[in-house]
Amino acid sequence: MFKHPNADIAPLTAFPLARPMALTMPELDRVAISRRAEIAAALRVIAGANAVIEHEDGLRTFETDGLTAYAQMPMLAVLPQTTAEVAAILKWCGENRVKIMPRGAGTSLSGGALPLADGVLLGLGRFNRILEIDYANRCAVVQPGVTNLSITQAVQDEGFFYAPDPSSQIACSIGGNVAENSGGVHCLKYGLTTHNVLGVTLVTIDGEIVTLGGKAYDSPGYDLLGVVIGSEGLLGVVTEVIVRLTPAPECTRAALMGFPTVEGAAQCVADIMAAGIVPAGLEMMDGFAIRAAEDFVHAGYPTEAAALLIVELDGPEAECEHLLAEVQTIARNNGADTVRVAKDEAERARFWAGRKAAFPAVGRIGDYYCMDGTIPRRELPGVLARIGEMSKTYGLGVANVFHAGDGNLHPLVLYNANAPGQLEAAEAFGADILRLCVEVGGVLTGEHGVGVEKRDLMPAMFNAVDLAVQEDLKAAFDPNFLLNPGKVFPNLHRCAEAGRVHVHGGKTRFSHLPRF
Amino acid sequence: MGQRIESPTGAFEAAELIAGAVADGQRIEIIGGGSKRGYGGPAPGADLTLWTARLGGILHYDPQEMVLTAGAGEKLSAIDALLAEHNQMLGFEPPDFGAAFGGEAGETTLGGVLAANLSGPRRIASGAARDHFLGFEAVSGKGQIFKAGGKVFKNVTGFDLPKLMAGSWGTLALLTEVTVKVVPKPKTTTTVILRGASFQNATGAMTRAMGQPLAVSGAVMLPTLKGTQTAFRLEGFGPSVEVRAERLAAQLEPFGEVEVRDAAFSENFWRDIGRVAPLASEPGSLWRLSVPPATGLDVVRAVDGAAAWIADWAGGLVWVLAAPDATLDLPAIAAAVGGSALKVRGEVSEVSRQPAHAALSGLVRAAFDPHGVFASRAMVA
């Protein structure tokens, strides 16, 4: 076997950092790095020569995910094609104490797929087939590399869809959705990934293949499926997913409502929910976001409004008509001065165009940093007021867009990456917003995941015992902490600067993907 | 029942009791209302019984927020009454199994239904108990108080431990405080009944109905002297229910006699289905078969004539009441269609699982309860 002349000298990393990382990661495993060629050879035996990527050019593809502030090339990458190969890879890495980072499409906004310099990146992109569509049991069996949207595309002619619709749905993989428990605009009515996945095939770090859940509504024993969903690649590698298919609604209608005050819009949301209406989507934008979006896509938004609501209702036509009337009454009772119902599909699409363009619209104004916290809805006016005060203190603008129905906030903190100190200020502002979310009874992340981004904020929400219990569960699945290390747990006990979703000059790694 | 019964008034007291039991090498059985003590075989032998009756109280409820936090020992009857005042309810329709499993009706607690992950007929439309369980505070088998999840709908911060607690039957931790999502009570409820259809036509009708945007929130098939009785529940706003009921009735007419019943009928009918009332009052071993819904037909064909049955969840949940001398191999019948069978009343049943699942479950249990202080239950570990 060819041996590189320097193979015996342990470098600090296999490759230099693309750019400095302010993020503290687990201590570098120099032994693994020194064994790089041996590890690659072992992986080639398992998955074939073409499945292992060693060259810098090939590895650069994987150096970052949707959290572009940080980049790190993996030591190696392997792209297996079968569950048996994944099992053999995990078994070998487990026995040899080599770190593994599973990766889907790499669209994570929280750095969940950020590689490690001393680990093997396990790409699941070749698991790209829909294996079975079972309409009678309203489910489909798919491989994890299948994109979210392609499931709906495969079943829509039969009148079904796959409900969770994260904004990156044209690119993100279902395996990544399982890892992150992804949400989307319509999860208020249809639930998150966890409510729409019936089963998975999981490969453990020992190389065991375990079936969790299935086509039946429930399965005997502990609900291990429930903890694997949303575990951010820390518990095992999913190689097959059974997703629930939902009958597509007959009719979808949307209304746009502008309010002179944030309080009025927030109370309107509360009153809609209290009336027993569960909209398919219920989105809010603040004045800054309304005007940025309107300037960008001319959706016909009332630019003088302090807050805008988009309500989407679906169901039989009679239901949509009935509820649209109720929603309009509720809006007017809360002081809405603009109430418009989309006449047709084109107008409904226009209502959404502004909301869906909110991120890039803000990106035209400057660099921004996207946050993702959830609060009890009743706290919305107070939290917005506090965010406004923080904005003054930090001297940075902020645009607010929300999945208002479920209290999931996406404040976009504006800064200038080229101005010294502004990036740090934006990160501090963002952390303050998330701490505020927890303070008012909410949580650090509603749908983007903890990843590396919010890892060091975890103690704001969980005490040492809470975190220790979670780490004990991690250890039950992965006793040597080899699966996706450095994510979720602030186990490093250092004041690391957390990474963030930074968008510079409107460019992101996935600039073609809508984000909302 | 353990030789000693304790009823802690808070998490700290519970933690002391659990730590004490660990130190003394004692085993603990956790009891809520006791309504399911007989579920899944006889209750485990234990030295100490922890009764959650004094861990009650509705701690927080804001109807506009649609989230409720209560002590784990709070009775469902109290929670249901409060929610009803605000036209809300628990979305998973928790059944009261008191009468069916050797307890009393009306004693079921919120912590109990969550720990058992029990859901009623509405499970096919709004999910199981686990899907409504947002967060909790608990005491682990190490005697440590911890929390997980949150008090909002949308949360991906840390592992989703409420899912793991749901259905763990008190073998991982003692739940002390739980937060659940609540849902609006439907304004109108209608039940469309099809009578006289063959097994095949009745199950086919359930499968077709579930595959359309009719928002069916209950679909059950019962045997009758003249074939089957199959009921479909439709709920929501009046104009919507009316349209959906008309459509469904028109589809069902070729297969038998169709009748549309009102809200009052519906309330009693579906409550009885949830409690398995048609079978629970009869003696015999009661089995619960969880299978892919469209295979409910195969299960019913295999057991009909040899046992009484109800096929709920559009065929996905088949309750079977087997006579003591019946020779049906229900685990094999369920396994043949990719499902599982649990004997919920009668002698302790073996629950078979894949070895890899059992091994992982053992490690998970040890992570929460390394000393094995919580008594085992046949259906989990």
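In the predicted model, Val488(A) lies in the loop that connects H17 to strand E20 (502–503) of chain A. The phi angle of Val488(A) is near 70°, a positive value in a residue that is not glycine. Most residues other than glycine have a negative phi. Val488(A) has a relative accessible area of 3% and is therefore buried, the limit being under 20%.

A positive phi also occurs in chain B, where Ala314(B), likewise not a glycine, has a value of about 55°. Ala314(B) is located in the loop between strand E16 (307–312) and strand E17 (317–322) of chain B. With a relative accessible area of 3%, Ala314(B) is buried.

Helix H17 (residues 464–477) of chain A packs against helix H13 (residues 355–368) of chain B, their axes coming within 9 Å and crossing at roughly 155°. Because angles over 145 degrees count as roughly antiparallel, H17(A) is roughly antiparallel to H13(B). The crossing of these two helices is right-handed. On the side of H17(A), the contact involves Val469(A), Asp472(A), Leu473(A), Ala476(A) and Phe477(A), which meet Leu360(B), Leu363(B), Val364(B), Ala367(B) and Phe368(B) of H13(B). Nine of the contact residues are nonpolar, none is polar and one is charged.

Within chain A, the axes of helix H10 (residues 262–274) and helix H15 (residues 380–394) come within 9 Å and cross at roughly 145°. The crossing of H10(A) and H15(A) is right-handed. Val262(A), Glu263(A) and Ala266(A) of H10(A) form the contact with Leu380(A), Pro381(A) and Leu384(A) of H15(A). This contact comprises five nonpolar residues, no polar residues and one charged residue.

Conventions: Residues numbered from 1 in each chain as written. Chains lettered and ligands numbered in written order. Predicted model: local features only at pLDDT ≥ 70, side-chain atom pairs only at ≥ 80, totals over all residues. Heavy atoms only, no water. Axes fitted to C-alpha atoms, helices over the stretch in contact; angles between N-to-C directions. Helix = DSSP H or I, 4+ residues; strand = E, 2+ residues; numbered from the N terminus. Left-handed = near helix turned anticlockwise from the far one by under 90°. Contact = heavy atoms within 4.5 Å. Nonpolar A, V, L, I, M, F, W, Y, C, P; charged D, E, K, R; others polar. Parallel < 35°, antiparallel > 145°, perpendicular 65-115°, else oblique. Buried < 20%, exposed > 50% of the residue type's maximum accessible area, 1.4 Å probe, protein only.
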